[in-house]
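Thanks for coming, everyone. Please look at the model on the screen while I talk. I'll take one chain, then the other.

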Amino acid sequence: MAVPLSQMYTVTKYVLTQKLRGVKRYPLVLMLEPLFRCNLACAGCGKIQYPDHVLDKRLTPEQCWGAAQECGAPIVSIPGGEPLIHPEMATIVKGLIDQGRYVYLCTNAILLERKLDEYPPSKFLTLSVHMDGLRDEHDLAVCRDGVYDVAVKAIKAALKRGHRVTTNTTLFDDANPERVRQFFDEMMALGVEGMMISPGYSYQKAPDQQHFLKRERTRELFSRILGKPKRGWQFNQSPLFLDFLMGRREYQCTPWGNPTYNVFGWQKPCYLLQDGYAKTFRELMETTAWNDYGTARNEKCADCMVHCGYEASAVEDTFGTLSGFSRTVKLTLLPTSR
Amino acid sequence: MTDTKQHSPGAPPATLQGRVFTPHSHQDLAEAIEFAFDYRGDVTISLRSGEVLCGYLFNRETTSGRSWVEMFPASHPDARRVYYDEVATIAFTGEDTANGKSWDTWVTKKDSERNLEAAQVASQAHARGHL
């Protein structure tokens, strides 16, 4: 089982509670960006192009805990920038776990091995290591040789200590399906709990503007990658989201499912687009023109199939339709039946 | 609107770095502010009061009441709110940090160039204690 039962139970209880209360829009995963500074400069990343004085800003632990409380999502994903650069990251993570939240600490793993002592293993903490493919592909994607080997070494060290470890992978239009499948084999052989995959998105300000996946190409690519899945593969994400990537289910974007909080405030409308910032989560929910975003509603969203917009849609499908629920149960119990 | 270089209304040029906008209408001002909002570098805003603010413009609100922008001044940790009607000029004075770093450029560079660039990024990260 890729995700612990306790986490499944927590998420299920949370979603059903929202439904019983008649809440139409609810957050599922808080995307918490405590800093934008990174120790890599990946060509596909649009999160780090800021002046130095902005890159030097950090959210305090109190700001992070307050955002989590305000938002109420059961899961907190901490991307960045590189979170392990933040001098108070271990304190931030501990506080979020003390709130009972499941934390996904996203890291390129360059600093992971030397920081492991600061993070006691916990079922509430997952180290989500950025891996964009096998050695050649990954090192090219992160624009530095040797990072793949450093990350693999750190993954092994974290697993040895009993940490939950997953990988997160962004795939671009030059991805070779066979190589990606080999990469899945290699990651599972390391012993990771599961893998997370998503197509890239064309950030307005990302240096890589011509390289991101178009919707049809995305479906074709993911069908080739995920078709006939191997028995050992585990994905730490909704099986219906993977169906969506393969073109087997249609979803509208639910950007409120993964609200983003960073040094600028609550980002409108989503993790990827920057159309302004709200001071509070409530203001974000009440003042964002949600109907202006999503598939066929906004040209910036036209080709987007990214997890932060559509994974919550898949979860909503699981708990909102009989076909979604039965398909989720089937693919969870029999993942090779896809 | 006038600026120090060529300005074509509508789509912004590849980079705005070095340009100065002096809006003559609310529409000009709104357009210049949208450019500044999308810009990934510091801008310098001259106010009608004579005050000059340099920093990163990260937010703007135009839908309710008196329109405003928010910026992080380069020399002060707290955000500063400025109303549209206070703005006299907007200059794109800081480096456009998103300009000229395309993926295609990266993959077509010679290995020696890539290695040099990667080494520079690593060196800067190392100097900050991030490696």
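Chain B has 3 helices and 7 strands. Those elements are DSSP runs, numbered from the N terminus: helices are H or I with at least four residues, strands are E with at least two. This is a predicted model, where local features need pLDDT of at least 70, side-chain atom pairs count only at pLDDT 80 or more, and totals for chains, interfaces and linings use all residues. Residues are numbered from 1 along each chain as its sequence is written, while chains are lettered from A and ligands numbered from 1 in the order in which they are written.

Read chain B from the N terminus. The order is β-β-α-β-β-β-β-β-α-α.

Now find S5(B), residues 68–73, and S6(B), residues 80–83. They run antiparallel, joined by 4 bridges. Strands pair if DSSP finds at least two bridges between them. Glu70(B) has Arg81(B) as its bridge partner in S6(B). What links S5(B) to S6(B)? A hairpin, through 6 residues.

How much of chain B is buried? The figure is 29% of its 131 residues. Buried means 20 or more other C-beta atoms within 10 Å of the residue's own; 12 or fewer is exposed, in between is partly exposed, and C-beta atoms are placed from the backbone.

On to chain A. It has 13 helices and 9 strands. Its radius of gyration is 18 Å, close to the 20 Å from the globule rule for 338 residues, so chain A is as compact as a globular protein of that length. That radius is taken over C-alpha atoms, and the rule is 2.2 Å times the number of residues to the power 0.38. Buried residues make up 54% of chain A.

Start with helix H1(A), residues 5–20. Its 16 residues reach 22 Å from first C-alpha to last, close to the 22 Å expected at 1.5 Å a residue. The expected span is 1.5 Å times one less than the number of residues. After H1(A) comes Gly22(A), with a positive phi near 75°.

Last, the largest nonpolar core: 128 residues. Such a core is a set of buried Ala, Val, Leu, Ile, Met, Phe, Trp, Tyr and Cys residues joined through C-beta atoms within 7 Å. Leu30(A), Val76(A) and Val103(A) have the most contacts inside it. Contact means C-beta atoms, placed from the backbone, within 7 Å. Beyond four places in sequence, Leu30(A) touches residues including Cys71(A), Val76(A) and Tyr261(A).

How values were computed:
Contact = placed C-beta atoms within 7 Å.
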